[in-house]
Amino acid sequence: MTYAADSFDTLPRTPSWVTSARPETPEDVAFLSGAALSHLHLVLSRNDVPQTLLRARLALRAAEACVTHQGRPERTSELRDVVAFLQPGDNSGPAGEVYMSWLRAVERPVILKALPRALPRIDADQIATWLDGCDPRGAGQGTPVPRAATVLQAVTEERPRDHTASLLLADAALAHALGLSHVLPLLALGLKRADLRKSDTGLRLACHRAISAAAAEVVREAANLSRRAARLKEVAPNLRAKGADEAVALFLKREAVAPTSLTSLRSDRAARRFCDRLVDLGAVRELTGRDTFRLYGI
């Protein structure tokens, strides 16, 4: 069978009137963000979307955005390296810590008791206060975007330089309000650094605009990963190596895979050969461009 790049492109695209519109009033801004979220919900309900992998990819992009907001130089390749080659007891550094926070946030269901694990430097009671009591009505009331904006403003006011905490908790509040099972980075992807200095109505409008842009971006990423995951599943039955099924399952969960993490393949040499075989089959990509310490991903 010949593999075509668009042969699995079955996910509905975000309507052009959502992505190309230039809203002029607050009502228009809110309407378009609602439309974008509604379409995103439709896409996320599809069985062919690799949900865990999608969240992992978005966690990397959210981490890169937060690191950029902090004025740090690390980008995708450096963040991948820090996490992929991290050994027990190693210090991941400030940028790696940001990435680990997002990975922990997206890997477990969005419940209050799971969030302190993503932000271990912040007291759990403080997180609960921001999420449940940051305005007179409580964060548990109101429509999703204003609720998320309220959390974002509350955290930013108390921790103005901790963009990771403010964006992560705002996205957690948004996910909970939308009934999503896991945190999905949207505000982290869509908000600009200047937006984080806004408050009240200005911040809510910025959040609406950010969600419209980020939701369309997530839909495109979901379609891309669905195609690539389908290709990997297509070739999987032809892989004869012992432990191949476990290795394939790991590629469907992790954004980047080091051959040394494919322990089901029994040896590093077998793991490297397995990864190179998947590259030859067009099922995964080599992500680093290096001859050594390579990373692979869908």
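Colleague: Which helices do the buried residues of α5 pack against?

Modeller: The model is a predicted one. In it, α5 covers residues 93-107, and 11 of its 15 residues are buried. Among these buried residues are V98, W102 and L103. The buried residues of α5 pack against α3 (51-69), α4 (76-84), α6 (115-118), α9 (163-178) and α10 (187-190).

Colleague: What length does α5 reach from its first C-alpha to its last?

Modeller: Helix α5 has 15 residues, and at 1.5 Å a residue a span of 21 Å is expected. The helix comes close to that expected value, reaching 21 Å.

Colleague: Which element gives the largest share of the lining of the largest pocket?

Modeller: The largest pocket has a volume of about 680 Å³. It is lined by 25 residues, and those closest to its centre include L103 and E107. α3, α4 and α5 each supply at least two residues of this lining. The largest share, 6 residues, comes from α5.

Colleague: Are the rings of W17 and F31 stacked or edge-to-face?

Modeller: There are 2 aromatic pairs in the count. In the pair of W17 and F31, the ring centres are 6.0 Å apart and the planes lie at 25 degrees. Planes under 30 degrees apart count as stacked, so the pair of W17 and F31 is stacked.

Colleague: Why does that pair tie together parts that are 14 residues apart in sequence?

Modeller: W17 is partly exposed, at 46% relative accessible area, and F31 is exposed, at 52%. The pair ties these parts together because W17 lies in helix α1 (residues 16-19) and F31 in helix α2 (residues 26-44).

Colleague: Where in the chain do F85 and F293 lie?

Modeller: F85 and F293 form an edge-to-face pair, with 5.9 Å centre to centre and 90 degrees between the planes. The pair links distant parts of the chain, 208 residues apart. F85 is in the loop between α4 and α5, and F293 is in the loop between β1 (285-286) and β2 (296-297).

Colleague: Which element gives the most to the lining of the second largest pocket?

Modeller: About 370 Å³ of space lies in this second largest pocket. Its lining has 19 residues, with H208 and R209 among those nearest the centre. Two or more lining residues come from each of α1, α2 and α11 (200-235). The element that gives the most, with 8 residues, is α11.

Definitions and conventions. Residues numbered from 1 in each chain as written. Predicted model: local features only at pLDDT ≥ 70, side-chain atom pairs only at ≥ 80, totals over all residues. Heavy atoms only, no water. Helix = DSSP H or I, 4+ residues; strand = E, 2+ residues; numbered from the N terminus. Expected span 1.5 Å × (residues − 1). Buried < 20%, exposed > 50% of the residue type's maximum accessible area, 1.4 Å probe, protein only. Contact = heavy atoms within 4.5 Å. Phe/Tyr/Trp six-rings, centres within 6.5 Å; stacked < 30°, edge-to-face > 60°. 1 Å grid on protein atoms, 1.4 Å probe; cavity = no way out; pocket = protein on both sides within 12 Å on 5 of 7 lines; lining within 4 Å. Points joined across faces, edges and corners; volume = space filled by probe spheres on them.
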